[in-house]
Amino acid sequence: MDRELTSKEKRIVKTRQMAKTIAFVCGLFAIAFIAISLSTRRIGRNDIRIATVERGNIDIGLSTSGTVSPEYQEQILSPISSRILEVYARMGDTVEVGTSLLRLNLENAEADYQRSLDDLQLKEQRLKQLRINQDTRLTDMQMRLRVARMSLNQKQSQLDGERYLDSIGSGTKERVRQAELTYNTASLEVEQLQKQLDNERRVCQAELDMQRIEIDMQRKSLEATRQTLADARICSPRRAVLTFIKNDIGASVSQGEQIAIISDLSSYKVEGELSDGYSDRIQVGSLVTIRSGKTRLSGTVSHLNPLTKGGSISFTIRLDNPSHPILRPGLRTEVFVLARSHENSLRLPMGTYYKNGKGSYKLFVVEGDRLVARDVELGEANYDWVEVIRGLDEGEQVVISDMEKYQGRHNIRLK
């Protein structure tokens, strides 16, 4: 059976209700305070990088990668198809001019050379024999021509005698005509022999020229074979470091196959590639910056390959300091090719905030003891600077650290 509460019990119930109300209100205040605290999260200055917007020049260019290679490097190719018999040097050795690197089997090549040499000697002997035969034929024809001329002179004397006798009445016209006919016949014989001699001389000269040409060709072939044999004794053409050698003894090598590489490791160059879409923005003489780690080197484009390969164009960079200690074969570097320069532009130091290239960004700007998010448009950049197009003024301080985890916030308190 219910009973009426006493005054004391009523006060206790009322007190409990008020306590619950107060606790609920305090909870709401606590939640609101935590929410406000989270929305104005604190961050220390030492935890971020802050830079000042300034004016200056920005060199804009093309970024790509490059590979360091020796400035002088020569591939040694096998001049013949053969086998490797001996190897005299190892990769990494410093070799002098004329140092033997390896030995190829030259038996077949030397046999071919000897056969060609014998063939040349045979042709030279044939040339001598041809000259003797020609001299014999020409001498015979010359003697026949001399005899014919002597006979012609005799016929001339007889004709003159008959004409004289006919003039004094002791001869006859018939004998004069007979003497003239004999003389003319002898004269034609002399003329014919002279033409035969001239033709024979031309034929002999043509035969000699043809033989000399064959001999010259044989000599050139012999010289080429001799040079091939000399090259087949693989030696270093200059003082350098042996960076590759085919050292499989007994292995077969084809003519033109690479069997060694020597490199001058005292100076280097950089080989780079760019998409052929940028071919109009690079040329011989373009200034280049090379970066490897914290080291930067300057240079210029010394050669531009006009041919496109796989959608890319290749170029060679001549370094201002090609002997820098950091350089070594195969080192990958960053390459920045200067294309143009923006003068007196607003700029910010390069930082991790610049991820997507030219476009819109949300950056945190220092305003008193707070960082306030602001929409900013950034332009082109290089290794050092980023162009500011709009959204920032000269002298303002901006966070250039990666603030991706704070992108949902608009206001951060600085410690």
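The following legends describe close-up views of a predicted model. In this predicted model, local features need pLDDT of at least 70 and side-chain atom pairs count only at pLDDT 80 or more, whereas totals for chains, interfaces and linings use all residues. Residues are numbered from 1 along each chain as its sequence is written, and side-chain values use heavy atoms, with hydrogens and water left out.

**View 1. A salt bridge joins Arg 103 and Glu 86.** A salt bridge is a side-chain nitrogen of Lys or Arg within 4 Å of a carboxyl oxygen of Asp or Glu. The search of the whole structure finds 28 salt bridges. In the pair shown, the N to O distance between the side chains of Arg 103 and Glu 86 is 3.0 Å. The two residues are 17 residues apart and link distant parts of the chain, with Arg 103 in strand β6 (residues 102–104) and Glu 86 in strand β4 (residues 82–87). Helices (H or I, at least four residues) and strands (E, at least two) are DSSP runs, numbered from the N terminus. Arg 103 is partly exposed at 37% relative accessibility, and Glu 86 is partly exposed at 33%. Here buried means under 20% relative accessible area, exposed over 50%, and partly exposed in between (1.4 Å probe, protein chains only).

**View 2. Strands β6, β4 and β8 form an open sheet.** The sheet has 3 strands in the order β6-β4-β8, with antiparallel pairing. Its edge strands are β6 and β8 (252–253), each of which pairs on one side only. Two strands pair if DSSP finds at least two bridges between them. Strands β4 and β6 run antiparallel and are joined by 3 bridges. Ile 84 has Leu 104 in β6 as its bridge partner.

View 3. Arg 201 and Asp 198 meet through their side chains in a salt bridge with an N to O distance of 4.0 Å. Arg 201 is partly exposed, at 39% relative accessibility, as is Asp 198, at 28%. In a further salt bridge, the side chains of Asp 209 and Arg 212 meet at 3.5 Å, N to O. Asp 209 is partly exposed with a relative accessible area of 35%, and Arg 212 is partly exposed at 31%.

**View 4. Strand β3 pairs with strand β13 and with strand β9.** Strand β3 (residues 54–77) and strand β13 (residues 332–349) are antiparallel and pair over 13 bridges. Within this pairing, Gly 56 has Ser 345 in β13 as its bridge partner. Strand β3 is also joined to strand β9 (residues 258–275) by 11 bridges, again in the antiparallel sense. Pro 70 stands opposite Tyr 268 in β9.

**View 5. One cavity of 30 Å³ or more is found in the whole structure.** On a 1 Å grid over the protein atoms alone, a cavity is a set of points where a 1.4 Å probe fits but cannot get out, and lining residues have an atom within 4 Å of a point. Grid points are joined across faces, edges and corners, and a volume is the space filled by probe spheres set on the points. The largest cavity holds about 40 Å³ of space. Its lining includes Ile 290, Arg 291, Ser 292, Thr 295 and Leu 297, together with Ile 326, Leu 327, Leu 331 and Thr 333. Strands β10 (287–292) and β11 (295–304) each supply at least two lining residues, and β10 gives the largest share, 3 residues. The lining comprises 5 nonpolar, 3 polar and 1 charged residues; Ala, Val, Leu, Ile, Met, Phe, Trp, Tyr, Cys and Pro count as nonpolar, Asp, Glu, Lys and Arg as charged, and the others, Gly among them, as polar.

**View 6. Tyr 354 and Tyr 361 form a stacked aromatic pair.** The search of the whole structure finds 1 aromatic pair. The pair is stacked because the ring centres of Tyr 354 and Tyr 361 are 5.8 Å apart and their planes lie at 20°. Rings of Phe, Tyr and Trp (its six-membered ring) pair if their centres lie within 6.5 Å; planes under 30 degrees apart count as stacked, over 60 as edge-to-face and the rest as tilted. Tyr 354 is buried with a relative accessible area of 15%, and Tyr 361 is buried at 10% relative accessibility.

How values were computed
On a 1 Å grid over the protein atoms alone, a cavity is a set of points where a 1.4 Å probe fits but cannot get out, and a pocket is an open set with protein on both sides within 12 Å along at least five of seven lines; lining residues have an atom within 4 Å of a point.
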